Amino acid sequence: MGRKLKFTREEILNKAYEILVEEGMKKISARTIANELGISTIGVYSNFKSMSDLKNELSLLAKNKLLDKVKINYTELGLLNIGIGICLFAKEEKALFRAIFMRENLSEEFLNEITRDLINLVYKGFKESDKYNILKDSTINWMIRKGWWYTHGFACLICSGFYNPTYEMIESELREVGYLILKQAMKINEEKIKNYI
């Protein structure tokens with residue numbers, strides 16, 4: 001039986017995803033994909049009008065995997081679950097994490113979209129919580145910023161291999177930092193409410 005000469009859009013995207021996972025977004029090119037599949041680059045471009053088109057689909061795939069991860073109920077705290085999901089994504093999907101959060105050849109527009117999606121998810125968690133919906137928007141924004149800086153840094157350490165925590169260690173670290181941020185935020189919120197009255 002001869003080699004397969006024509007591949008579907010999905011098969012090409014799957015091969016590109018394999019390359020992304022093994023070697024990172026920088027290695028994604030029509031030539032690399034074509035070589036892996038044993039076809040010419042025409043076979044790639046007959047399914048995708050450009051490499052940007054293909055990379056956008058890969059980015060969407062990565063984004064969906066991330067959002068699936070942060071929406072899992074690991075604990076009783078919705079906000080903590082988002083942080084745990086990001087850290088587990090960094091641990092289990094290193095190439096995808098690098099592509100998204102270490103700005104590896106993705107458009108700024110796409111990266112801003114992911115950031116907005118995550119911030120909206122966290123913001124919604126605050127507003128829907130009976131405990132935290134009393135917080136002022138400025139306090140919530142302060143907490144999101146501080147929490148993001150810590151979580152992103154922690155996840156980068158995990159992704160790069162400098163730190164290889166268990167699930168239990170990830171949850172414990174994020175609970176501890178979350179508590180400290182919340183404690184400070186409550187003070188800030190109280191002061192703003194006093195000043196407002």
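## Starting at E22

E22 sits in helix α1; helices here are DSSP runs of H or I with at least four residues, strands are E runs of at least two, and both are numbered from the N terminus. With a relative accessible area of 62%, E22 is exposed. The cut-offs behind that word are these: buried means under 20% relative accessible area, exposed means over 50%, and partly exposed is in between, using a 1.4 Å probe and protein chains only. E22 and F110 are 88 residues apart along the chain, and their C-alpha atoms are separated by 22 Å.

A quick word on what you're looking at: this is a predicted model, where local features need pLDDT of at least 70 and side-chain atom pairs count only at pLDDT 80 or more, while totals for chains, interfaces and linings use all residues. Residues are numbered from 1 along each chain as its sequence is written, and side-chain values use heavy atoms, with hydrogens and water left out.

## The nonpolar core

The largest nonpolar core holds 60 residues, and I28, I33, V44, L54, L58, L66 and F97 touch the most other members. By nonpolar core we mean buried Ala, Val, Leu, Ile, Met, Phe, Trp, Tyr and Cys residues joined through side-chain atoms within 4.5 Å. Two or more residues come from each of α1 (9–23), α2 (30–37), α4 (51–70), α5 (78–92), α6 (94–101), α7 (108–128), α8 (137–160) and α9 (167–196). The largest share, nine residues, comes from α8.

Take I33 and look at its contacts (heavy atoms within 4.5 Å). Leaving out residues up to four places away in sequence, I33 touches I12, K15, A16, I19, I28, V44, M51 and L54.

F7 counts as buried at 13% relative accessibility. Skipping neighbours within four places in sequence, F7 is in contact with I12, L37, I39 and N47. F7 and V44 are 37 residues apart in sequence, and C-alpha to C-alpha they are 8.1 Å apart in space.

Helix α5 is mostly covered, with 11 of its 15 residues buried. Those buried residues are L80, N81, I82, G83, I84, G85, I86, C87, L88, F89 and A90.

How does α5 pack with α7? The two helices pack at an angle of about 155 degrees, with their axes 9 Å apart. Axes are lines fitted to C-alpha atoms, for helices over the stretch in contact, and angles run from 0 to 180 degrees between N-to-C directions. That makes α5 and α7 roughly antiparallel to each other (angles over 145 degrees count as roughly antiparallel, under 35 as roughly parallel, 65 to 115 as roughly perpendicular and the rest as oblique). At the meeting point, L79, I82 and I86 in α5 meet L118, L121, V122, G125 and F126 in α7.

G85 also lies in α5, and is buried with a relative accessible area of 0%. Not counting residues up to four places away in sequence, G85 touches K69, V70 and Y74. G85 and G24 are 61 residues apart along the chain, with their C-alpha atoms separated by 21 Å.

## Helix α6

Six of the eight residues of α6 are buried, so this helix is largely enclosed by the rest of the structure. The buried ones are A95, L96, F97, A99, I100 and F101. They pack against α1, α4, α5, α7 and α8.

## Aromatic pairs

Searching the whole structure turns up three aromatic pairs. Rings of Phe, Tyr and Trp (its six-membered ring) pair if their centres lie within 6.5 Å; planes under 30 degrees apart count as stacked, over 60 as edge-to-face and the rest as tilted. The rings of Y74 and Y167 have centres 6.2 Å apart and planes at 40 degrees, so this pair is tilted. It links distant parts of the chain, 93 residues apart: Y74 is in the loop between α4 and α5, and Y167 is in helix α9. Y74 is partly exposed at 21% relative accessible area, and Y167 is partly exposed at 25%.

The rings of F154 and Y163 have centres 5.6 Å apart and planes at 45 degrees, so that pair is tilted. F154 is buried at 5% relative accessibility, whereas Y163 is partly exposed at 28%. Y150, F154 and Y163 form one aromatic cluster.
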